[in-house]
Amino acid sequence: MKKILLLGLIMFNSSCIYLGHEEDDITDPFESSYKAITLNREAFEQSTVLLEEQPHETSGRIYVKDNYLIINEPNKGFHIYNNVNPKLPINIGFLKVLGATNISIKNNVAYINNARDLIAVKLNSEFNTIEITKRVKNMFPEKVSPDGFLPDLEENEVLVNWVLKTN
Amino acid sequence: MKKHIFYIILIIAFSCDSDGQLDTVSQDTGQGGSLAQFTIVNNYLYTVDQSSLNVFNISNLEKPVQVNTSFIGFDIETLFHFNNDLYVGSQTGMFIYSLDNPEEPKQLAAVSHFRACDPVVAKQNYAFVTLDGSAGCGGTLSVLEVYDTSNISEPVLISRRNLVAPKGLGLFNNFLFVCDDEIKIFDISNINEIKLVHALNVSAFDVIIRGNELIAIGNTNLYQYQLNENDIKNTTLLSTLNI
């Protein structure tokens, strides 16, 4: 148990090291190989929008509601398909929600993790307008980088993703 | 008492984890796969993150209100509900919570297993868990485990079989679908003699089974199949979506 704590402390401490020096050796055990992607809170809270269809990069969780099929693009948002004909699902757009990995929908309201916030998003039946009706801030823990680091954030800064550093 | 200790030792020794999920899906609520971390039960949204179970009252759908949060452990991965119980899967075990008081989930059982990724589904009296030792969660065994949950506070491991790299899973009447190296369909009508009856040779990591439709997602494709309960080998591929 002590060992785990110690490791945790080391990780926590090392996370305070600035992540951005690209000339650094990415195998340094005290620095993440990933770069923290952040936004200031104002920009972050304005970032949830409906977009045209977007290319798929990584497959995340799936969700179905009525005739819609929803595929998460981890930390970026959701690909929306009209699946009224399962033989021919049609991509109708992308709901951009930064830091999102989960969705659950009741009636016309979707609940989504938007980085550390939980947001309630009201949808219309055609899935072409959205409105954030509530934001519960800082509900969820900070996302840890894939190699186990926490970000070093300024006040008012929101972490939305980690991307592999390119050297 | 001795019996209890015996069970505990048995469970620890054999390691298992049962997560149940069989979402009682009402029409007004959508449906996620077995890897979901959010689930809606009546007027409540439940979410799990790395270490906590959170409860939101959604009586007013547009204005969710956080009403509870509790620390439940480390490396929490999945959340499902069946009947009035929540099944939480973590990398080290499974927890079952009663929703008798929906705002205060009460822990009924905690079952430890070896370290592995572990989604779960459940039906009446049984829970099915996959443990994927190949997925970087630690551990090296990859198995499907079946638990008797007729006494919900004392799940008992009744069988375990080795698979390749099992991930998401789903129930379709008396059949269990498991995303392994391909999608394997087991007949579970006789729980003591579970048998493979069919396999879909596609790569997927999770499934949603809704009515007679199977939706399976993999890293590069999403597949939709029509299922036939009376002839499980008669699966019709409806579409393959390149993603």
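**A walk through a predicted two-chain model**

Let's begin with confidence: chain B averages a pLDDT of 88, and 87% of the residues score at least 70. Here pLDDT is the predictor's confidence in each residue, on a scale from 0 to 100. Over residues 5-26 of chain B, though, the pLDDT is below 50, and beyond near neighbours in sequence this stretch has 77 contacts in the model. Two residues are in contact if their C-beta atoms, placed from the backbone, lie within 7 Å. Where pLDDT is low, the predicted coordinates should not be read in detail. As for the scores of the model, ipTM is 0.87 and pTM is 0.85.

Residues are numbered from 1 along each chain as its sequence is written, and chains are lettered from A and ligands numbered from 1 in the order in which they are written.

Now, what is chain B built from? You'll find one helix and 21 strands in it; these are DSSP runs numbered from the N terminus, with at least four residues (H or I) for a helix and at least two (E) for a strand. Take the contacts in chain B with a separation of 6 or more: 45% of them join residues 24 or more positions apart.

Strands of a sheet pair through backbone hydrogen bonds, either parallel or antiparallel. In this model, two strands count as paired if DSSP finds at least two bridges between them. One open sheet in chain B has four strands in the order E2-E3-E4-E5, with antiparallel pairing. Its edge strands are E2 (38-41) and E5 (65-71) of chain B, each pairing on one side only. From one strand to the next, the twist averages 20 degrees, using lines fitted to C-alpha atoms as axes and angles that run from 0 to 180 degrees between N-to-C directions. E2(B) is joined to E3(B) (residues 44-48) by four bridges, and Thr39(B) has Tyr46(B) as its bridge partner in E3(B).

Further along chain B comes another open sheet of four strands, E14-E15-E16-E17, antiparallel too. Strands E14 (169-172) and E17 (195-200) of chain B each have a single partner strand, so one side of each is left without a neighbour in the sheet. Neighbouring strands here are turned by 25 degrees against each other on average, direction ignored. E16(B) (residues 183-187) pairs with E17(B) over five bridges, and Ile183(B) stands opposite Leu200(B).

How do the two chains meet? Chain A brings 30 residues to the contact and chain B brings 36. The side of chain A that touches chain B has 18 nonpolar, six polar and six charged residues. (Ala, Val, Leu, Ile, Met, Phe, Trp, Tyr, Cys and Pro count as nonpolar, Asp, Glu, Lys and Arg as charged, and the others, Gly among them, as polar.) E3(A) also pairs antiparallel with E1(B) (residues 31-32) over two bridges, with Val64(A) opposite Gln31(B).

Methods
Predicted model: local features only at pLDDT ≥ 70, side-chain atom pairs only at ≥ 80, totals over all residues.
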